[in-house]
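Please read it alongside the sequence and the coordinates.

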Amino acid sequence: MADTILELDDINVYYGAIHALKGISLKVEQGEVVTLIGTNGAGKTTTLATICGLMRSKTGTLKYAGQDISKCATHRLVCDGLVMAPEGRGIFPNLTVGENMRIGAYACKDKVAIEKNLAHGYEVFPRLAERKRQKGGTLSGGEQQMLAIARSLMSQPKLLLLDEPSLGLAPLIVKTIFETIDRVNKDGVTILLVEQNANIALKHSDRAYVIESGEIAIEGKSADLLIDPRVKAAYLGES
Amino acid sequence: MRRSLATLLVALAICAGMNLFLAQFIEEYVVQVINMVGVSIILAVSLNVINGLTGQFSLGHAGFMAIGAYVSAFFTTDLSYFNPDTAEYVTDPALVSSVWGYLGALIAGGVAAAVAGVLVGIPTLRLKGDYLAIATLGFGEIVRILITNFEKVGGANGLSGVPQFQIVLSGEGKDALALDGTFFIFSFVIICVLLSAQLQRSTFGRALIAVRENELAAEVMGIPTVRMKIFAFVYGAFFAGIAGGLFAHLLQTVTPASFTFMKSVEVVVMLVLGGLGSMTGAIVGAIVLTVLPEALRDVEQEADLPGIRMVVYSLVLILLMIFRPQGIFGQRELSLRLLRRLVPGRRISGDETPKPSEDRKGTEL
């Protein structure tokens, strides 16, 4: 049995009076790709924001690598290998691709490791190497998403949180992005993936949680969920 | 490091040379305008770190400047004020009278402003955009009103008789060969510009830009965004304080009226004119907006149209905003590469080579 890298137990998050997460519990094992699927407003992004300390839970426990991180500052978690690639890619439009990449390594102080990671990043994403000197804002949507992923890898994460990597991208590009995610996972990074595109997310993950209005509705192996009639009806557009 | 030091020494030597040249051959009024340009450059370049690089819209620069001006003048000036207990005027002699004392007083002014920067920064940096602008504007006004009611430094009348300092090289009296205001002002201009350029190119500076471009993404990339914003405020406030001190000793008088909200706006306009986020732009903006009103003063006299100065001044700004809304430089910097790009028909060849020096500089700051 692999080690549990991330464990959420009874997480309750409020936006003012609105109860956004109602007792979420989930687990991510070392080396897995776990996906969190659900509709708009179900609480997927809030869950990720809570994990990396941008939102605070009122109750429950939040453990990363066995440590309680419910009070950790976001930027500190990066040093411990918990990194998020935010929704909408969040690249820095007026910095060049290379500068964006280096910002990703901001938490890392080891110069040699930075250069090594940079070289590795450019190897995985040759497209970015070609555009090193270009401003981030001039990249296409797909390239920006690649940059967002490559940039988060710069700090050598153990657990990577990806928020909707397929958002607003053409199907062909989405396919490439997910192939990249597979490859990153093979390199040893555990991934928690939030997606609206349930079909592709389930095909590229080991386990999945379905979140509905702030609660975990269904959980199981991704392969099982793909044929689960409830999931099929609600998320895969089949009856 | 050694190279930076050498650059600094050469620059200081040039300042000294410029000072002697100006004092010898140029009329006093023009020298005064040039000195004001120097003060404006420090203000604009330091505000650029807050507003341009870090993207925190501050309208409180006059407040920081006022703190620097009053704190430094407090040390160097004989303070005479009315003592209500004994019902007579008293004079406290100046605390410092040497050139080193003057430098110390300037630094003290900068540090006081920087401390104010922290105090303002911590509560107000939760605010964003317009709200931050309003809060910093409020800060500037509070500083001004406090000073107006502080009798020891002259209250609303201000403080007069602020001394000027000089380093006498040779000779005595009026014919002495000496370094004065110009040297002090432009030395700080050089320090401020070199330091800010270094900052901008460093990894730390990139992180400041990252906060401007996308605060959330910066935070999840491991950048302590709150600390970065406070740093920007402290850095900007420190140099605004220095500029205030230089300003006080240049005009030899400080009044609260010099540090109204309009002064803050003036500095912001310099940035916007030059291009928000570009240090070259900030410098150019500072030069243009300090020289222009003075140059137009002559036009006013010759054309016998009193008041036309402000009309032309506004017109220039309006035209610029229509035809170049991003400012003269946009976010670009004046660099060899930009110059090369301006030469038609030449491809930039060295574009792909990484500049390793950039990264090394990162840790020095």
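Axes are lines fitted to C-alpha atoms, for helices over the stretch in contact, and angles run from 0 to 180 degrees between N-to-C directions. Two residues count as being in contact if their C-beta atoms, placed from the backbone, lie within 7 Å. Helices (H or I, at least four residues) and strands (E, at least two) are DSSP runs, numbered from the N terminus. The model is predicted, with local features needing pLDDT of at least 70 and side-chain atom pairs counting only at pLDDT 80 or more, while totals for chains, interfaces and linings use all residues. Residues are numbered from 1 along each chain as its sequence is written, and chains are lettered from A and ligands numbered from 1 in the order in which they are written.

**Chains overall**

The table uses two further terms. A residue is buried if 20 or more other C-beta atoms lie within 10 Å of its own, exposed if 12 or fewer, and partly exposed in between, with C-beta atoms placed from the backbone.

**Nonpolar core**

A nonpolar core is a set of buried Ala, Val, Leu, Ile, Met, Phe, Trp, Tyr and Cys residues joined through C-beta atoms within 7 Å. The largest such core holds 162 residues, and those touching the most other members include B:Ile42, B:Met65, B:Tyr70 and B:Leu246. Helix H9 (residues 225–251) of chain B gives the most to this core, with 16 residues. Leaving aside neighbours within four places in sequence, B:Met65 is in contact with residues including B:Ala240, B:Ala243, B:Phe247 and B:Phe259.

**Sheet and hairpin of chain A**

Two strands pair if DSSP finds at least two bridges between them. In chain A, six strands form an open sheet with mixed pairing, in the order S6-S7-S8-S3-S9-S10. Its edges are strand S6 (82–85) and strand S10 (215–221) of chain A, each of which pairs on one side only, and neighbouring strands of this sheet are turned by 15 degrees against each other on average, direction ignored. Strand S9 (residues 207–212) of chain A runs antiparallel to S10(A) and is joined to it by six bridges; here A:Ile211 has A:Ile216 as its bridge partner. Helix H1 (residues 44–51) of chain A lies across S3, S6, S7, S8 and S9 of that chain, running at about 150 degrees to S7(A).

Elsewhere in chain A, nine bridges join the antiparallel strands S1 (residues 4–15) and S2 (residues 18–29), with A:Asn12 standing opposite A:Lys22 in S2(A). These two strands form a hairpin with two residues between them, and A:Gly16 in the turn has a positive phi of about 60 degrees. S1(A) is also joined, by four bridges and in antiparallel fashion, to strand S4 (residues 61–64) of chain A, where A:Tyr64 is the bridge partner of A:Leu6.
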